[in-house]
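The entries below follow the order in which I looked things up.

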Amino acid sequence: MNSSKSPGLAGFGILKNTTCHTEKKISVFFSIIFMTVGILSNSLAIAILLKAYQRFRQKSKASFLLLASGLVVTDLFGHLINGAIAVFVYASDKDWIRFNQSNILCSVFGICMVFFGLCPLFLGSVMAVERCIGVAKPIFHSTKMTSKHVKMMLTMVCLFAVLIALLPILRFRAYQIQASRTWCFYKTEHVEDWEDRFYLLLFSCLGLLALAISFLCNAVTGITLLRVKFKSQQRQGRSHHFEMIIQLLAIMCVSCICWSPFLVTMARIGINESHSKETCETILFALRMATWNQILDPWVYILLRKAVLKNLYKITRGCCGVHIINLHMWELSSIKNSLKVAAISDSPSQS
């Protein structure tokens, strides 16, 4: 857009002579498809998690399921709110002059983009920490990680994400309409002020830190489980841990693949200041990659459940035609052997 035709929007971030174009019909179509698929996927995942939570309410898996439900609910509202605003912007032919003269919609859009971007990453790292404690320190986990404490952690994570999202507003820094005119975020073009760079680097560093914490805790959890698995008398009662660690690894991989391009791009813009070489198309592609995270997250809980994994195992065993160790029977046999050893050691003949 030519700034001479819209002087009132100079502070909104709409740049003159922008070369970032999107096809309206295709963009509206894909926005509606992504929003619909995301809402249906997350709704199905919520139903599955709630059903599982009712079964494991008093067990160690309950805290994990509660955190996972919070993650999926956040993704659901992210699709619902951000998707609705994006569809409205596309349907209005991206005419921000007409419907955003007071910059309220752009501010709401920017706050939602930051909150629904950081909150799932924070929750993913909290889930990894929770599982790490549950496996490495089970007694501490059973006494300190109650449902009440987990709900407090959920509240604190959400409040922290809200604070980060509201920080520019509290500092009287408006969110900016991006060059594609389809979304709002921190200032990403001609970033010269230290505060604009600070917001970009804060967002990127917090997101990358959450991914790093998830990777570290999942690595510790996986190593601990493998060590326990090869100890003959401590195999029982661990199958649900493996199910959860598989889900956590899948979430971590999805988050890293989807979010890393956007987080790294924002960090490069913040570091390179006004000399950033990131184009509008690059930023838009990274944003769409990040959007896929909210679509793929619920399918981790839909597909990587114990019942589904057992069926996949049976299908794989039948198709390959190769003898594979039946993990379920291996678990039962190890429990029986442990019981036999305990019975022999307690018998009168032994004494």
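For naming elements I took helices (H or I, at least four residues) and strands (E, at least two) as DSSP runs, numbered from the N terminus. I noted that this is a predicted model, in which local features need pLDDT of at least 70 and side-chain atom pairs count only at pLDDT 80 or more, while totals for chains, interfaces and linings use all residues. Residues are numbered from 1 along each chain as its sequence is written, and side-chain values use heavy atoms, with hydrogens and water left out.

**Entry 1: overall layout**

I found 11 helices and two strands in the protein, and reading from the N terminus the order is α-α-α-α-α-α-β-β-α-α-α-α-α. I then looked up burial, where buried means under 20% relative accessible area, exposed over 50% and partly exposed in between (1.4 Å probe, protein chains only). By that scale, buried residues make up 46% of the 351 residues. The accessible surface (Shrake-Rupley method, 1.4 Å probe, with only the protein chains shown counting as cover for residues) comes to about 18,500 Å², and 68% of this surface belongs to carbon and sulfur atoms. Taking contact as heavy atoms within 4.5 Å, I noted that among contacts between residues at least 6 apart in sequence, 77% join residues at least 24 apart.

**Entry 2: the annotated spans**

The UniProt record, an unreviewed entry, gives "transmembrane region" for residues 26-50, 62-90, 102-129, 150-170, 198-226 and 246-271. I kept in mind that UniProt positions are given in the numbering used here, that feature names are shortened, and that annotations may be inferred rather than shown by experiment. I checked two of these spans in the model: residues 62-90 are 100% helix and 0% strand, with end C-alpha atoms 41 Å apart, and residues 198-226 are likewise 100% helix and 0% strand, with end C-alpha atoms 42 Å apart.

**Entry 3: the core and F185**

Which residues touch the most other members of the largest nonpolar core? A nonpolar core here is a set of buried Ala, Val, Leu, Ile, Met, Phe, Trp, Tyr and Cys residues joined through side-chain atoms within 4.5 Å. The largest one has 73 residues, and V114, M127, W183, F185, Y186, F203 and F262 touch the most other members. Helix 4 (residues 104-136) gives the most to this core, with 15 residues.

Leaving out residues up to four places away in sequence, F185 touches M113, V114, Y175, Q176, Q178, L200, F203, F262 and M266. The C-alpha atoms of F185 and F109 are separated by 7.8 Å, although the two residues are 76 apart along the chain.

**Entry 4: charged pairs**

Side chains of opposite charge can pair when their charged atoms come close. I counted a salt bridge where a side-chain nitrogen of Lys or Arg is within 4 Å of a carboxyl oxygen of Asp or Glu, and a search of the whole structure finds six. One of them joins R98 and D95 at 3.6 Å, N to O; R98 is exposed at 53% relative accessible area, and D95 is partly exposed at 28%.

E195 pairs with R171, with the closest N and O atoms 3.1 Å apart. E195 lies in helix 7 (residues 194-229) and R171 in the loop between helix 6 (147-170) and strand 1 (176-177), so this pair ties together parts 24 residues apart in sequence. E195 is buried at 5%, whereas R171 is partly exposed at 47%.

D196 and R173 also form a salt bridge, again with the closest N and O atoms 3.1 Å apart, and they link helix 7 with the loop between helix 6 and strand 1, 23 residues apart. D196 is buried at 12% and R173 is partly exposed at 25%. Through shared partners, R171, R173, D193, E195 and D196 belong to one salt-bridge network.

**Entry 5: positive phi angles**

I noted K94, whose phi is near 55°, a positive value in a residue other than glycine. K94 lies in the loop between helix 2 (61-91) and helix 3 (96-99) and is buried, with a relative accessible area of 8%. R181, also not glycine, has a positive phi near 65°, and its place is in the loop between strand 1 and strand 2.
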